[in-house]
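This report covers a protein chain and an RNA strand.

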Amino acid sequence: MTIRVRIAPSPTGLAHLGTIYTALFNYAFARQNQGQFILRIEDTDVKRHVPEAEQVIYDAFAWLGLDYDEGPDKSGPFQPYRQSERLKLYQDYAHQLVHQKLAYEDEGAIRFRVPAGQTGWQDLIRGEVKFANDQIKDFVVLKSDGYPTYNFAVVVDDWLMQITHVVRAEDHVSNTPRQLLIYQALQAPVPQFAHLPLLRNPDHSKISKRKNPVAIAWYRQQGYLPDALLNFLCLLGWSHPQSQEVFPLDEFVKHFSFARVSTSAPVFDLTKLDWLNGVYIRQKTDRELAQLLKPFAPPKMSETLIEQTVPLIKERINKLSDYAAMVDFLVKEPKIDQALLLKKSRQDEKTVAEQRALAVEKLAAVEDWQAEKLERVCRDLAAEKNYHAGKFFMALRIVITGKAVTPPLFASLALLGKTKTLARLQKK
RNA sequence: GACCCCGUCGUCUAGCGGCUAAGGACAUUGGGUUUUCAUCCCAAAAACCGCGGGUCCAAAUCCCGCCGGGGUCACCA
């Protein structure tokens with residue numbers, strides 16, 4: 001039997017980090033077993049449904065490279081993949097349950113009759129879980145507006161779409177007995193269940209918008225790389241058998257197993273992602289990185305200039321959005337903070353003024369405007385005048401870039417060009 | 001409140017009865033390389049394995065209780 005799994009987000013307007021986290025595990029399990037991974041849109045909440053919201057979800061999956069085999073934007077043997085287009089199905093099955101006396105009408109809705117007994121399952125991650133049925137009240141399966149409730153629609157769809165493994169987050173554990181009861185009533189084969197740990201806020205509550213960046217679009221805007229985000233998510237609740245921390249998606253697919261998924265819920269903390277993202281940035285070729293940087297570059301920066309800056313900033317940024325502040329001095333006139341200049345260069349005003357004048361004089365004579373050449377000229381000048389090289393360079397750095405922290409000075413000057421460099425040195 | 005799940009360094013985790021006076025990663029601190037910052041390298045500090053009982057020659061690892069945290073209890077998903 002071929003393995004079929006699914007991810008079933010609601011179109012709420014954003015692609016939620018939790019959805020992607022769950023999707024990642026489903027994806028890995030499907031790919032590892034040559035199974036199928038299905039995307040189904042659960043839009044049975046008429047009030048909250050926003051049509052554009054679906055596109056946001058497709059975009060997120062595409063950006064991350066989590067490709068699915070069947071979904072609303074692809075055809076498939078079990079379409080449609082949008083619950084709002086499957087209403088007739090739910091209604092028919094709900095009425096069938098009524099005829100079988102397994103459900104009953106209640107103020108226009110159809111309510112499932114929970115039988116006595118006990119309901120449990122062998123969870124692939126948690127082991128045996130069971131509930132006493134008397135803990136569960138009769139629940140609505142079909143609302144009075146003809147729409148199914150979540151618990152009913154999921155079961156009908158998972159059954160009809162021949163889902164073999166339901167891999168979802170822990171917050172669904174207590175929904176599972178209700179769903180199991182429906183499978184039994186429908187005489188449908190029961191899939192295997194695996195409940196992943198829930199991602200948490202620093203205060204240990206379930207991850208939420210207010211306390212964590214939860215929209216995939218945000219990560220993209222911040223300049224996190226899809227591979228880094230995915231790698232980071234793998235590390236939450238799962239560990240590599242050889243303790244590796246940095247590995248690509250196909251490595252996860254290869255080594256994934258439910259046995260290595262932890263049962264305790266991890267706190268979501270961006271700190272490690274920032275580091276990991278830096279690692280992935282450094283793994284890119286200069287050319288690839290230049291392309292990625294384009295949307296993040298300061299205005300007026302040419303593509304060529306972006307490419308030239310890459311070797312200078314590659315080891316200095318963790319996110320693509322760090323880029324602009326690092327190189328904007330190349331295309332923007334800096335404002336010089338005199339106090340900063342004196343403090344950081346640890347020299348007095350007179351010395352700095354003298355250094356500027358002499359630097360202009362020496363640099364004006366340079367024909368071959370290359371980093372090595374510029375450095376030699378400046379080092380010679382420092383030796384000749386007995387300047388402390390570090391202090392002298394810091395003074396130049398601040399006068400020319402406006403900042404105390406920049407990419408390597410002489411390589412920066414080489415990119416800035418002779419004219420601008422001299423102009424900034426002379427500017428009062 | 002009821003039911004269910006969970007509990008190892010600040011954070012992510014390894015560990016599945018002895019190899020562990022608990023290992024790795026991030027973050028932190030110190031040092032090295034260095035024109036700043038960063039990268040890179042080295043080192044340090046950091047969990048009495050929630051607490052209390054058992055079982056066992058031996059427990060972070062098995063059992064029980066307690067405490068703590070979380071999730072679910074909708075004609076939301």
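## Terms and basis

A residue is called buried if 20 or more other C-beta atoms lie within 10 Å of its own, exposed if 12 or fewer, and partly exposed in between, with C-beta atoms placed from the backbone. Helices (H or I, at least four residues) and strands (E, at least two) are DSSP runs, numbered from the N terminus.

The model is predicted: local features need pLDDT of at least 70 and side-chain atom pairs count only at pLDDT 80 or more, while totals for chains, interfaces and linings use all residues. Residues are numbered from 1 along each chain as its sequence is written, and chains are lettered from A and ligands numbered from 1 in the order in which they are written.

## Domains

Chain A is divided into domain 1 (4-196), domain 2 (284-330) and domain 3 (338-426); the bounds come from an automatic or database domain assignment. Between the C-alpha centres of domain 1 and domain 3 the distance is 65 Å.

## Helix α17

Buried residues of α17 include Phe-410, Ser-412, Leu-413 and Ala-414. Among the elements that cover the buried residues of α17 are α11 (303-313), α15 (371-385), α16 and α18 (418-426). Contact here means that the C-beta atoms of two residues, placed from the backbone, lie within 7 Å. After α17 comes Gly-417, with a positive phi near 100°.

## Surface near the RNA

RNA strand B is surrounded by 57 residues, the closest being Glu-42, Tyr-150, Lys-206, Ser-264 and Pro-266. A residue is near the strand if its C-beta atom, placed from the backbone, lies within 6 Å of it. By class, this surface has 23 nonpolar, 19 polar and 15 charged residues. Ala, Val, Leu, Ile, Met, Phe, Trp, Tyr, Cys and Pro count as nonpolar, Asp, Glu, Lys and Arg as charged, and the others, Gly among them, as polar.

At least two residues of the surface near RNA strand B come from each of β6 (127-132), α9 (270-283), α16 (389-401) and α17 (409-416). The largest share, four residues, is supplied by α16.

## Strands

Two strands pair if DSSP finds at least two bridges between them. β3, β4 and β7 form an open sheet of three strands in the order β3-β4-β7, with antiparallel pairing. Its edge strands, β3 (103-106) and β7 (139-142), each pair on one side only. The twist from one strand to the next averages 45°, with axes taken as lines fitted to C-alpha atoms (for helices over the stretch in contact) and angles running from 0 to 180 degrees between N-to-C directions. Strand β4 (residues 109-112) is joined to β7 by three bridges, and Phe-112 stands opposite Phe-139 in β7.

β5 (residues 118-123) and β6 pair in the antiparallel sense over six bridges and form a hairpin with three residues between them. Thr-119 has Phe-131 in β6 as its bridge partner. β6 lies largely in the open because the number buried among its six residues is zero.

## Two residues compared

Arg-200 lies in the loop between β9 (192-196) and α6 (216-222). Arg-200 counts as buried because it has 20 C-beta neighbours inside 10 Å. Leaving aside neighbours within four places in sequence, the contacts of Arg-200 are Ser-205, Lys-206, Ile-207, Ala-265, Pro-266, Val-267 and Phe-268. Arg-200 and Ala-265 are 65 residues apart along the chain, with their C-alpha atoms separated by 6.6 Å.

Leu-89 lies in helix α3 (residues 87-99) and counts as partly exposed, with 16 C-beta neighbours inside 10 Å. The C-alpha atoms of Leu-89 and Asp-134, 45 residues apart along the chain, are separated by 29 Å.
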